Amino acid sequence: MRYHTHIVSSLAIGAGIATYTPISFTVTYAAGLAIGGLLPDIDEPNSYIGRRSLGVAKQVKKAFGHRGFTHSLLAWGAITAVLLFQHFSPFTLGLCLGYAFHVLADYCSSQGVPLLWPFSKKRYRFIMTYRTSSFFETLLFYCFLVLFIYFLTNGAIEENSSFFLFSFIDFSE
């Protein structure tokens, strides 16, 4: 999945969660979702986040390969345990959720992900899959964009919220 699809899908699912739970959709939560939605691709130097990693992506790819450790349940669990138990905040919650959404999205791709790494290098994937940069991925991007806008306008952002993007729009009309 391309980086912008990872970002929009993470924001859409995160906004959906905020719509139906007590979680507030704030700027820091949204930033965490977006960054977390990109973070697993730190194992690919040519990825959006990898090109900005100051060489970290090259080292991670050398050690684990692309879609290796960073796309496993172990990596997500370790990051979640450390961040949420050591420093719980809307940002860290968003980061952990965005990371999980990224792995889930790649689980639905034709390449799959090694969910059980290091116990198994087998790549697991959903029954129905998509190819990165395909027409279907583009369709997914726009579906998630519509879903994100729907959740933002139907409850993700509280009425008295001053969320940066919509602080000037009156939704009460």
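1. Let me start with Ser 10, which sits in helix α1 (helices, H or I with at least four residues, and strands, E with at least two, are DSSP runs numbered from the N terminus). Ser 10 has a relative accessible area of 0%, so Ser 10 is buried (buried is under 20% relative accessible area, exposed over 50%, partly exposed in between, using a 1.4 Å probe and protein chains only). Setting aside neighbours within four places in sequence, Ser 10 is in contact with Leu 33, Gly 37, Gly 98 and Phe 101 (contact means heavy atoms within 4.5 Å).

2. A word on the source: this is a predicted model, where local features need pLDDT of at least 70 and side-chain atom pairs count only at pLDDT 80 or more, while totals for chains, interfaces and linings use all residues. Residues are numbered from 1 along each chain as its sequence is written, and side-chain values use heavy atoms, with hydrogens and water left out.

3. Now the overall fold. The protein chain has six helices and zero strands, and its pattern along the sequence reads α-α-α-α-α-α. Its radius of gyration is 17 Å, close to the 16 Å that the globule rule gives for 173 residues, so the chain is as compact as a globular protein of that length (the radius is taken over C-alpha atoms, and the rule is 2.2 Å times the number of residues to the power 0.38). Along the principal axes, the C-alpha atoms fill a box of roughly 55 × 40 × 30 Å. Buried residues account for 43% of the 173. Of the contacts between residues at least 6 apart in sequence, 59% join residues at least 24 apart.

4. Next, α1 (residues 3–20) against α2 (residues 27–38): they pack at about 140 degrees, axes 8 Å apart (axes are lines fitted to C-alpha atoms, for helices over the stretch in contact, and angles run from 0 to 180 degrees between N-to-C directions). The two are therefore oblique to each other (under 35 degrees is roughly parallel, over 145 roughly antiparallel, 65 to 115 roughly perpendicular, the rest oblique). The contact includes Tyr 3, Ser 10 and Gly 14 of α1 and Tyr 29, Leu 33 and Gly 37 of α2. Its residues split into ten nonpolar, four polar and no charged (Ala, Val, Leu, Ile, Met, Phe, Trp, Tyr, Cys and Pro count as nonpolar, Asp, Glu, Lys and Arg as charged, and the others, Gly among them, as polar).

5. α2 also packs on helix α5 (residues 90–107), at about 35 degrees with axes 6 Å apart. Among the residues making this contact are Gly 32, Gly 36 and Gly 37 of α2, with Gly 94, Gly 98 and Phe 101 of α5. By class there are twelve nonpolar, seven polar and no charged residues.

6. Some backbone spots to look at. Most residues other than glycine have a negative phi, and most peptide bonds are trans. Leu 54, in the loop between α2 and α3 (56–64), has a positive phi near 55 degrees, and at 85% relative accessibility Leu 54 counts as exposed. Arg 67, in the loop between α3 and α4 (73–86), also has a positive phi, about 55 degrees, but at 4% relative accessibility Arg 67 counts as buried. The Trp 117 to Pro 118 peptide bond is cis, with omega near 10 degrees; Pro 118 lies in the loop between α5 and α6.

7. Last, Thr 153 in helix α6 (residues 135–156). Thr 153 is partly exposed, at 36% relative accessible area. From Thr 153 to Phe 126 is 27 residues in sequence and 31 Å in space, C-alpha to C-alpha.
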